[in-house]
Number of protein chains: 4
Amino acid sequence: MTENLRVAVIGAGRMGIDHIQRLHRRIHGAKVAAVVDIDQDRARAAVADVPGAIALTDGQAALDHPDVNAVLIATPGFLHEEILHAALEKDIPILCEKPLTPDADSAWRVVQAEEKLGRQRIQVGFMRRYDAEYAQLGELIRSGELGELLVLHHQHRNPNTPPGFTNEMLINDSVVHEFDAVRFFTGEEITSVQVRLGKPTRNAPAGQHDPQHVLLETSSGVLADVEIYVNAQYGYEVATQASFEQGVVSIGNDSGPYVRTQGRWGGKVTPGFVERFAAAYDVEIQAWVDAALEGRIGGPSAWDGYATAACCEAGVEAQKTGAKVPVRLNEKPALYS
Amino acid sequence: MTENLRVAVIGAGRMGIDHIQRLHRRIHGAKVAAVVDIDQDRARAAVADVPGAIALTDGQAALDHPDVNAVLIATPGFLHEEILHAALEKDIPILCEKPLTPDADSAWRVVQAEEKLGRQRIQVGFMRRYDAEYAQLGELIRSGELGELLVLHHQHRNPNTPPGFTNEMLINDSVVHEFDAVRFFTGEEITSVQVRLGKPTRNAPAGQHDPQHVLLETSSGVLADVEIYVNAQYGYEVATQASFEQGVVSIGNDSGPYVRTQGRWGGKVTPGFVERFAAAYDVEIQAWVDAALEGRIGGPSAWDGYATAACCEAGVEAQKTGAKVPVRLNEKPALYS
Amino acid sequence: MTENLRVAVIGAGRMGIDHIQRLHRRIHGAKVAAVVDIDQDRARAAVADVPGAIALTDGQAALDHPDVNAVLIATPGFLHEEILHAALEKDIPILCEKPLTPDADSAWRVVQAEEKLGRQRIQVGFMRRYDAEYAQLGELIRSGELGELLVLHHQHRNPNTPPGFTNEMLINDSVVHEFDAVRFFTGEEITSVQVRLGKPTRNAPAGQHDPQHVLLETSSGVLADVEIYVNAQYGYEVATQASFEQGVVSIGNDSGPYVRTQGRWGGKVTPGFVERFAAAYDVEIQAWVDAALEGRIGGPSAWDGYATAACCEAGVEAQKTGAKVPVRLNEKPALYS
Amino acid sequence: MTENLRVAVIGAGRMGIDHIQRLHRRIHGAKVAAVVDIDQDRARAAVADVPGAIALTDGQAALDHPDVNAVLIATPGFLHEEILHAALEKDIPILCEKPLTPDADSAWRVVQAEEKLGRQRIQVGFMRRYDAEYAQLGELIRSGELGELLVLHHQHRNPNTPPGFTNEMLINDSVVHEFDAVRFFTGEEITSVQVRLGKPTRNAPAGQHDPQHVLLETSSGVLADVEIYVNAQYGYEVATQASFEQGVVSIGNDSGPYVRTQGRWGGKVTPGFVERFAAAYDVEIQAWVDAALEGRIGGPSAWDGYATAACCEAGVEAQKTGAKVPVRLNEKPALYS
């Protein structure tokens, strides 16, 4: 392949801008060739300090541009399917921010298109896999050092939610990370989802029930649960406690400078996911670039995107019924085995 | 009342011996007057280094003895009901190790007997309420400083279980502490119990399913859960994480000397409940003695014993069915309000 | 000996009141027989809720009283020598709050008087030895598990100082605890003291230089130092870090409930020594009572009081000169070996 | 300037290799143009997987090569002076691993050469300044949020030392980092150094006295000290505790996954400086590249290199005499103000 990845970034919102700056300033072996946003001003602003990058309003135009040989998709999820199929047509490296697509059917169509292409081109942006502690816990599980993994308890807290954040988004945009994490840690598919709704905080917007307690099971029977709490006020927190046959491991604990002042000891809570996972994003994008330059993907596949979409569908149904809802998956194509 | 409590300790097993030594060596305002055990040798051994205490094999004889003016019951739970009624007859201060009795019906009969007596004489040995961190979390919840309490997550781990420890005992002897804790923290009754059984450890004895995930709800909808894991190998652990509208509080974290050696940092895990709650037991017994000398009880009441017995019954049923089982309670007598 | 210690508490100031309540409410095997204070009202107030205890203004009268068979000295240090000699005359158990006496010469006279008596009657109130973590670190050092102890780093911080707290008191009342701690941990005598005065806080009262850095050496060459900082504002802290040939151990780290709220994680700093060492005081006094009832002492001896007094003298001189000042000790009498 | 930095790396030892891989795989805006090592095989091996980089044995040849427009010096310190002068002649960006040179006189000659050149070209590799916690503590000090900084306590531990590591190297190669750190945190020069030698570990090689206690003062009187312990066995540790007028801040505490198993809680100690400061090295080199592309330096200057060399000289003298040795500095040239 060519010496450098020349990336078209689709979507110049918060995540898009973040990735543009990352590619432009910190990632080795890649450059931003184009930025696409339906809002032309936004696209132009995004390339203002990126010499050599062009601003476009049409994704297909970017894919067709001779300077572009890779694509990073950072638009809202409902816009993913079209550009994914178009990029697969071009047979170029694709990094698609999660979700792959917003529902299992459309995700399955993407999987089928990639299967037809015959090689994996799509990497999905589940960046937590690149967090140092996630990686270490994953290795520890696979090593068998502490015996079999039995229980996975997750806390997922946001200080608050953007306007219009619905109960469905609480599953599709937030818990989706734990769906992937459970699959990553166990190497198994999730078989059922149940949701408990209890006493809500008064800090949630109207129509949103927060916190929620999401109960998962995997194919071997690992009991996983997620305390999702998206108006937790005090800050951002993503933590996991894994119980094994011979021990317990916690990740996501607070760190940083330790201060004693005014009668209290402690430190600062991470304010948001950008700060919490900044290093993970860098590692993720570098892994994608390094792999893409060798014609591979370097992380979660389209199948991972499809399987988590199926979990989300079950989760949203479970939220409404309170019952344990099975997760239905098509058979896994050989391409992903 | 007389200047000192002269206590008959019923039962000279592990807990009994522990309380005998505590009363004899550390508690102010009380002495051990008698020790009762059906095994006469065990009773005699227990008083060997307790000058002035007599060894008996019959509980009624101890209650009738003129030197005895209070009773501490430390026999297995199925033996509690008879001695409780006999002690209520004597109208003397009673500290009854948990459980009050092994089922809700017998516990209700004890409640009714005490109600008939017309004053609270029975204190139940839920010692966790006397743990410094439990007390502090309780105060914090009642203060409203962090808003409303929404979620209570509990970890309860034992290194292993004694021979013959059944699934029912896992609820009745272990989770019973969290039933009381949830009631203590929330000041509410528990309304339902559900139990999840997942992948079991290979370290559990035959017939015992371990770990289990117990889901509780309280009357205001607080979502509580308990990861009970009684063959956790690595040590003893009792921890709680409480999520509020404006923050999160954890208790039961590791402490003690912090060592770095051989490539690792950390400290020693508490080996068992005796070490973990030694100070709480001292505080509990001193609180009972101090209150008894003033004609009161100084802790959990017979009603608390009854209500947790009802939770245990629901828990054992939930364990078998997997369904959410409601907790049924009689109306609370005015004596306990 | 008689069944109970009947203690005359000399001095009804802050520490005296604290010990009176401890003996009256929590300690097994002892009662408060008399309280002595030159301020009669203070003495009376101190016994108001202690049935059977009498209020006196004269220490000798208390020692002569037939109800008294032990003495706890909690007056300021400059008043200790006289009552110590009088109590040794009576040959009764003595618990003397630190310092034994304010200087090495007077402390040596007390040691000689006790040596003449021929048995150890005096226990000095270095209560840190009874703190659970101090005890554990002491055991770890003696075990040799981590090889030889090489370095002892101490932090000693108070939120602020009472009026009239001088530079000398900073050594004699504060660092004296570390002098004893270093001797306790190493089992060796301190051979020299040096004091560094750097940039002072603006929160210290006029005439007081704070913080100070105190450098100690022991007979085998262990390098110890103390960061003494008595106007640290944020709370009370007593911590030690011990470096061994094969590891490092820290004690005195923060614990208690762990809170995340308002963007920060952590907990509350202990406000003062009473809260920090409350349990240690209870253990200390119980150890004294238990040992006294058997005719022994249960803790630091008059020799320990003398040796730390000699360290304090060297420390105060070092504070003035900046030079390394040797600690001069008389030969240790056989009674203390 | 040109679009990319084309770096000649001088020295293909451990640090050189590390920087070559960093520049080749992770740093944006730079590439490895040449690697120089007197051992030709080593130079060739170092460029084997770096397409486009040439292997040389002569530093001047590299500087003269048209593909080279920047230099990173990673040879032993005694070889630095010659290549520094040669690179200043070329007026190109220079990153020089610490020490700038091994003694104050040669460092001063480098400072004078750069002053004559008239602009700062030399950045010295004190990478700790780029550690996230160091940076945060530095900001906190400068903010004045906790009042004035009064005391800086440092622990610096290595598991063991390479063969031939002398007492002088313990100052020049190890404590030199704290000399820079104290200067970085306080923004002041160090005015004196004293060294205490106590009980040594039996794990040090012959002729090396370990641990040592290094006492520093700054121009405003901040008391700093360093516990340097280079055969600490258990792992690598670099920690600082800063005491302010209104609080205390600690950095360098253990973090990472928290494990409970086999009766103990805790995690893994960082094995060495590469793991501890890997992220800091990346940030440092990226900062150098970004600044160099704009014609600036992005970190510690030649003056910093000179001033720490003067501290090292005083430290080595202090080690031999035990006395407090003043640090002598020439007047600071205007170029560095």
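How much area do chain D and chain C bury between them? Hold on to that question for a moment, everyone, and thanks for coming. One thing before we start: what you see above is a predicted model.

Now the answer. Chain D and chain C bury about 3,100 Å² between them, and 48% of that lies on carbon and sulfur atoms.

Who takes part? Chain D brings 41 residues to this contact, and chain C brings 41 residues as well.

Let's look at the charged and polar pairs next. Four salt bridges are found across the interface of chain D and chain C. One of the pairs I'd like you to zoom in on is R202(D) with E245(C): their side chains meet in a salt bridge, at 2.5 Å from N to O. Polar contacts can be counted too, and between chain D and chain C there are 24 residue pairs of that kind, with both residues at pLDDT 80 or more.

Which elements of chain D give two or more residues to the side that touches chain C? They are strands: strand 7 (149-157), strand 8 (190-197), strand 9 (212-218), strand 10 (223-229), strand 11 (237-244) and strand 12 (247-251) of chain D. Strand 7 of chain D gives the most to that side, with six residues.

The area buried between chain A and chain D is about 1,800 Å², with 47% of it on carbon and sulfur atoms. On the chain A side, H28(A), P257(A) and R260(A) supply 29% of the buried area, more than any other three residues.

How many salt bridges are there between chain A and chain D? The count is zero. Polar contacts do turn up, though: twelve residue pairs across the interface of chain A and chain D, both residues at pLDDT 80 or more.

While we are on chain A, a word on its annotations. UniProt, in an unreviewed entry, places a "Gfo/Idh/MocA-like oxidoreductase N-terminal" domain at residues 5-126 of chain A. Over residues 5-126 the chain is 42% helix and 21% strand, and the end C-alpha atoms are 21 Å apart. The UniProt annotation, again from an unreviewed entry, has a "Gfo/Idh/MocA-like oxidoreductase C-terminal" domain covering residues 139-327 of chain A. That span is 34% helix and 29% strand, with its end C-alpha atoms 26 Å apart.

Last stop: a sheet in chain D. Six strands form an open sheet there, in the order 3-2-1-4-5-6, and the pairing is parallel. Strand 3 (54-56) and strand 6 (122-124) of chain D stand at the edges with a single partner strand each, so one side of each has no neighbour in the sheet. From one strand to the next, the twist averages 25°.

Strand 2 (residues 30-36) of chain D is joined to strand 3 of chain D by three bridges, and the two run parallel. V36(D) stands opposite L56(D) in strand 3 of chain D.

Helices cover this sheet too. Helix 2 (residues 40-47) of chain D lies across strand 2 and strand 3 of chain D, at about 165° to strand 3 of chain D. Helix 4 (residues 80-90) of chain D packs on the sheet as well, touching strand 1 (5-10), strand 4 (70-73), strand 5 (94-96) and strand 6 of chain D. The direction of helix 4 makes about 170° with that of strand 5 of chain D.

Note on methods: Residues are numbered from 1 along each chain as its sequence is written. Chains are lettered from A and ligands numbered from 1 in the order in which they are written. This is a predicted model: local features need pLDDT of at least 70, side-chain atom pairs count only at pLDDT 80 or more; totals for chains, interfaces and linings use all residues. Side-chain values use heavy atoms; hydrogens and water are left out. Two strands pair if DSSP finds at least two bridges between them. Helices (H or I, at least four residues) and strands (E, at least two) are DSSP runs, numbered from the N terminus. Axes are lines fitted to C-alpha atoms, for helices over the stretch in contact, and angles run from 0 to 180 degrees between N-to-C directions. Contact means heavy atoms within 4.5 Å. UniProt positions are given in the numbering used here, feature names are shortened, and annotations may be inferred rather than shown by experiment. Buried area is the accessible area (1.4 Å probe) that two parts lose on being put together, summed over both. A polar contact is a pair of N or O atoms within 3.5 Å; within protein, one must be able to donate a hydrogen and the other to accept it, and residues adjacent in sequence count only if both atoms are side-chain atoms.
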